[in-house]
Amino acid sequence: MRRRWLIGRGCWVFVIVAAGLTGAEHARSREAQPGSAPRPPPRPASLQTPVSAPPATSPVEKPIVVTQDSACMRMLAGVAGNRIRPAPSGAKPEPEGCRVDDPVVVEALAVRTADGPGQVRLLPPPTVSCELARAVSLWLDTSLQPLARGAFGRELTALHVGGGHECRRRNRQAQGQLSEHATGKALDIFSFQLGEEKQGGVAVSVEQPKGLEQSRFLDGVRQSACGAFMTVLGPGSDAAHANHLHVDIQQRRAASSRFCQ
């Protein structure tokens, strides 16, 4: 604690100023949890057979909220090349806290290429909030596509993803706060497809990049993501993110605040 004496209008005022949190304490990851070391989430089915995580439990259940005619959905659906649709209601209500506002299924998002309009597929198509789909769409078009073209002379054609909406806790722990995946505000990216696979395309793995060229591309991807999303976690941040890039849009204390690791 720091004590200060201030003089104002003939009287003494005693002020106690509490020391604020240090920058290191503010930079503490929201994903980190105490306990045993977390394990990375399973890769998408196209890479290996996924391992299902134990479902989170809660005594109160609420359904996913579907908004067919939201402004966000109308805006994305109006862009040629976007393949996006409202997510259907689940057969069973989700536990409390796993409520997705305006959930959508994203098959592909439009981007500008050197030859005109193009699109980037998301494999398999994830269910996320429309707000996150809009953030990913802008990131792909303004940052990732130019990065891919500059690094490899190829167009970005697909993202191999996982996660999306999944009712679970952070880092798949048994206790603690719910993950941003529970509200559809997060996405996990495992690899980037450059060009078409059947035509000699290149897949850049987040976990195991091949050579300096791919490593530099992934460095650029991570830096661009730090400006497009509120949280970015990847290999080197912790054990739970050793094989993918996690991005989410959960608002922090300040609109300009970011956590990038």
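Let's start with Glu107. At 27% relative accessibility, Glu107 counts as partly exposed. Keep in mind that this is a predicted model. Which residue does the side chain of Glu107 meet in a salt bridge? It is Arg85, with 2.4 Å from N to O. Arg85 is partly exposed too, with a relative accessible area of 38%. Now look at where the two sit. Glu107 is in strand 6, and Arg85 is in strand 4, residues 83–86. That is 22 residues apart, so this pair links distant parts of the chain.

How many salt bridges does the structure hold? Six. Here are two others. Arg99 forms one with Asp101, and the closest N and O atoms are 2.7 Å apart. Arg99 has a relative accessible area of 38%, so it is partly exposed. Asp101 is at 43%, so it is also partly exposed. Then there is Glu155 with Arg149, at 3.2 Å from N to O. Arg149 counts as partly exposed, at 30% relative accessibility. Back to Glu107 for a moment. Salt bridges with shared partners join Arg83, Arg85 and Glu107 into one network.

Let me step back to the whole chain. The protein chain has four helices and 14 strands. Of its 261 residues, 40% are buried. It exposes about 14300 Å², and carbon and sulfur atoms supply 53% of that. What about contacts along the sequence? Take the contacts with a separation of 6 or more. Residues 24 or more positions apart account for 65% of them.

Next, the inside. The largest nonpolar core has 40 residues. Which members touch the most other members? They are Leu140, Leu156, Leu159, Leu187, Phe192 and Phe229. Helix 3 gives the most, with 10 residues.

Stay with Leu159. What does Leu159 touch, leaving out residues up to four places away in sequence? Its contacts are Val120, Arg121, Leu122, Leu123, Leu140, Leu144, Ile189, Ser191 and Phe192. Is strand 9 mostly covered or mostly open? Mostly covered: seven of its seven residues are buried.

Strand 9 has partners. Strand 7 runs parallel to strand 9, and three bridges join the two. Leu123 has His160 in strand 9 as its bridge partner. Strand 10 pairs with strand 9 in the antiparallel sense, over six bridges. There, Leu159 stands opposite Phe192 of strand 10.

One is Phe152 with Phe217, edge-to-face, 5.2 Å centre to centre and 70 degrees between the planes. Phe152 lies in helix 3 and Phe217 in helix 4, so this pair ties together parts that are 65 residues apart in sequence. Both Phe152 and Phe217 are buried. Another pair is Phe192 with Phe217. Their ring centres are 5.8 Å apart and their planes are at 90 degrees, so this pair is edge-to-face. Phe192 is in strand 10 and Phe217 in helix 4, 25 residues apart. How covered are these two? Phe192 is at 1% relative accessibility, so it counts as buried. Phe217 is at 4%, so it counts as buried. Put together, Phe152, Phe192 and Phe217 form one aromatic cluster.

Last, two backbone details. Most residues other than glycine have a negative phi, and most peptide bonds are trans. Two places here go the other way. The peptide bond from Leu123 to Pro124 is cis, with omega near -15 degrees. Pro124 lies in the loop between strand 7 and strand 8 (127–129). Asp102 has a positive phi of about 55 degrees, although it is not a glycine. Where is Asp102? In the loop between strand 5 (94–95) and strand 6. Asp102 is at 11% relative accessibility, so it counts as buried.

Technical notes: Residues are numbered from 1 along each chain as its sequence is written. This is a predicted model: local features need pLDDT of at least 70, side-chain atom pairs count only at pLDDT 80 or more; totals for chains, interfaces and linings use all residues. Side-chain values use heavy atoms; hydrogens and water are left out. A nonpolar core is a set of buried Ala, Val, Leu, Ile, Met, Phe, Trp, Tyr and Cys residues joined through side-chain atoms within 4.5 Å. Buried means under 20% relative accessible area, exposed over 50%, partly exposed in between (1.4 Å probe, protein chains only). Contact means heavy atoms within 4.5 Å. Two strands pair if DSSP finds at least two bridges between them. Accessible areas come from the Shrake-Rupley method with a 1.4 Å probe; for residues, only the protein chains shown count as cover. Rings of Phe, Tyr and Trp (its six-membered ring) pair if their centres lie within 6.5 Å; planes under 30 degrees apart count as stacked, over 60 as edge-to-face and the rest as tilted. A salt bridge is a side-chain nitrogen of Lys or Arg within 4 Å of a carboxyl oxygen of Asp or Glu.
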